[in-house]
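Have a look at the picture first, then read on.

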Amino acid sequence: MNRQMILMALVSAVIILLLIIPALERPRDEQQLVVNDTKAPVSIDIAPEQVTLPPSDIVGEGGNQDPIPPLNAYLQPAIGGIRLVLDKGKALNASSVAEDALGDISVHVVEREIDSGDSELGWVKRYDLAVVRPNSAKLDIYPLYMEEVGTGHYYYPKVKILNEHEVMFIRRLKEGEIIQYQLVVVQLGSGNFHTLPPFWKVHPDSDEERDFLLSAHYEWNEDGHVVEVMLTSYEGKRWQMDMEAFKLIGHRGQTYPATGDAGSGGPSRPLMNPTPDLERFAYSFTGKDPIFVSNHFMVADSKSGKVLKLFSIDDTMQLSDSGLVWNKESTRFFLEYAKKGDEMGVWYDSGPVVFAQQIAFYDSNGERSRVLHAAKGERLSIYNWLDEHRLLVESYRPVQRTSGGWSKGDIVYKEYDLRTGKLTAYRKEQDAGKLANGETVTLRMAGGTYDSKAFVYVDHKNMKIWTPDVKGRTHQSGGQLYIDVSDADMQQRIFEWDDEAKSLRLVYSTSSSEQQLRQALGDWLMLEDRGESSFLFFNTKPEPELNDEGLPILSGELVRLRGNEWWNENSDTLISLPGNENRALGKSRYGTLRIRSSEWELEHYKGARQYYGRYDVEFTNTAGKKIRLPSLEKVAFELERPVGEMKVLSFDGFDLILLKTHQQRIGKSYGEKFTNVYAYAVTENGEATPLTFRYAGPGGIQLADTIGMIDTETATGTSGQSMILQSYMGEKRVELAWKADVKTKSLTLTELKDRTREDESIRTVVERYANRLEQALGLTDIALPEGKMDKVKLRSLFTEKAWNNPGFQRLKTDFVKLEKAGTPSRAFAWQPINARYDEYGNIRVTFTFNLFYSIGWAAHLEAILKLDEFEWIFHDFGMLETEYQEGYKELDNDLGMKGYNGLVIPDALER
């Protein structure tokens, strides 16, 4: 520590001198370009099994035979994509120590520790570059270099894709006892190296031995190519490289140390904050203890080293994460701060993130231009820069959490214009589709942030904003926006922003203890398999096999409901009905469709509402004209009400009316209830026709008058001019898009999506929370797989409006009364139903209960689960509805739960 304090004192003295006599050290422009011609890389196509590669030569060693066996890496098919496998072979390990991605290219620096077989050389570390192109399922391997084990001098390997044809890495060499660092560029395809002379030489027993490369910063041109690089070390050295002229540039005399104790194992972080164009940088000085950051700053020119400005923030103020955040034009930056002792926010290992009382803005010379003050009782946070002069600001009242700490209350988003000092609020919109000029704005990566949405959707012209409810890290690539969200149970969910539907869509879920998202490459996600030397490349938009017509080919049969044929049983309970009764009714914009029973219709038993027979189909248009359609033969119905309902979907010029044969909302379990469905088209001209389902199978085009579908409220919808249904294909839960053609009287399957992973992901949460709801309601005769939760912790999972929901309180009060009276209901939770992720990233679900153990009386309670601070909470409950049976008296007379036959307690769900 004494050495570090002396160093900081020297730094301060030098800076004062620099203010008087600007540093005039010139960069060394006369750098030699070294080109090593190497053999072409090994190229591997996807292989279902391990591929052994032919030996390669050592790069840059004059063609000498490499004593180390080549890296055995290969691609193999995986569920949803392909997997990169790094086979360690005879090495102690084979691991990716640095990665990068650009476009559809993913690169990995692979390190192996292996016995060279040479008694003098001994054990070595060998580095190779693996380049994966998932779109073409292609893998190229480029041998890089090797070094002796025990070279010393701590080293973070670095790699960067400069453009579509070049990859940069840092090579470490040992010449005698001197360790040298070089910047090397690999030419993809040829495998040629372009190498700069060593930019850093570390001599043995020097003060530099405890130093190490810490950070890398890059300047991109308009084409997204890296044109300049800045490297910094822990003790504050810096080097800049012009990648177009390929030479070392910039001032390297003065050092600007990072913070953190390198020997403590704690996080080290650079305190230099360069502009995006790397022309200047701002530096945060440390305090007397170099682990802590002070309120003193400077701005300097990166090339000359000239100090442009020294400035300070009052020591009574606590800076937020000490993070200076530049705009992308490199002309301005800001600092957020609050009174010490009144920071609120949160403390991380790297420093605090405060809920700001003031935000100061500076130009590129370090001159303060404006200070934004929070209103009384409110706090501010910068969400991100909008352009060179405008920022998106969060304004809110801090809320203290019951579990401790602070969160942001209702956030008002405002636009702050530095040119005028004007602060203008955005109006919140609940439907993102209503924003005519919407665009996504992601949460800034630079500086510290806390309790902010991962992104927002903004209409700057009309000053409107839509926000999701997810908080997480964003990944952008190829026009795709992904949000990586984790919860306290180590479950990782990756959502994609669907810009066409203007909603979030879950694309992948996994246990974060098993996999971690590392890269996004357009439609591909690259996840590291923890504990294994492999990486999964998952395709978020897989293309199914198509037929000549361009239709997806179903690999299996669509499931149809085939229940027990009770009408063929010789049972005294069968009842023959006279017919001419409405069994289902559907009202569209253009008329009413009726399904009527014929003579000799059978009912399973009195009151069962299970019917079987022949049914007449009739459409009456708005002009009163009746149109008879083909009858339905040998059809079984199971209805909740005497007359079933038909779902109506509206399109341009026509409506689709869907007849579901099995309609049981009450009592069905999540993922289990199924129904067959018939489809009818009714047009604006008052015409009606049944539609045939048309889809491609392995044997060609298949036609069906009915198909099976999952009977949930969330399994039916529309997308453009297509109808969306969910069904099962073997073990897979699939989403099917059917395009209607009234002229050909058909519904053609045009798109197929696998929803199995989403189904499994959501099931994990809702089943667990059904158990927690049981305990909160005071139920005792229940099985809790995870045991009882602490009461205080359990209560913290409910918001006030969820806890005070009238339906929830009615159940809770009555269950407690029955328990105290010694006549417990023995109620328990059934499987939840209608579970789905909504457009905001929340879970909407209906929790179901068996109210009475021996009778099976069902109750439904709507709910929204929201992820807050990595924990799913009961955000709100909606309507409570219970099963109804006509004339049933036992609930009131025998069980003491008066009014539960057909009980409805309405309450709107609120996001």
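Predicted model: local features only at pLDDT ≥ 70, side-chain atom pairs only at ≥ 80, totals over all residues.

Now for the overall build. You'll find six helices and 69 strands here. Of the 911 residues in the protein, 55% are buried. Look at contacts with a separation of 6 or more, and 53% of them link residues 24 or more positions apart.

Next, the inside. The largest nonpolar core has 73 residues, and Phe798, Phe847 and Phe874 touch the most other members. Helix H2 (residues 756–776) gives this core its largest share, seven residues. Let's zoom in on Phe847: if you skip its neighbours within four places in sequence, its contacts include Val766, Tyr769, Pro832, Leu865 and Phe874. There's also a second, separate core of 40 residues, with Val131, Tyr181, Val185 and Leu188 among them.

Finally, here's a sheet to find. Four strands line up as E35-E38-E37-E36, making an open sheet with mixed pairing. Strands E35 and E36 are at the edges, each with a single partner strand, so one side of each has no neighbour in the sheet. E35 and E38 run parallel and are joined by two bridges.

| Strand | Residues |
|---|---|
| E35 | 427–428 |
| E36 | 439–442 |
| E38 | 464–466 |

Technical notes
Residues numbered from 1 in each chain as written. Heavy atoms only, no water. Buried < 20%, exposed > 50% of the residue type's maximum accessible area, 1.4 Å probe, protein only. Contact = heavy atoms within 4.5 Å. Core = buried A, V, L, I, M, F, W, Y, C linked by side-chain atoms within 4.5 Å. Pairing = 2+ DSSP bridges.
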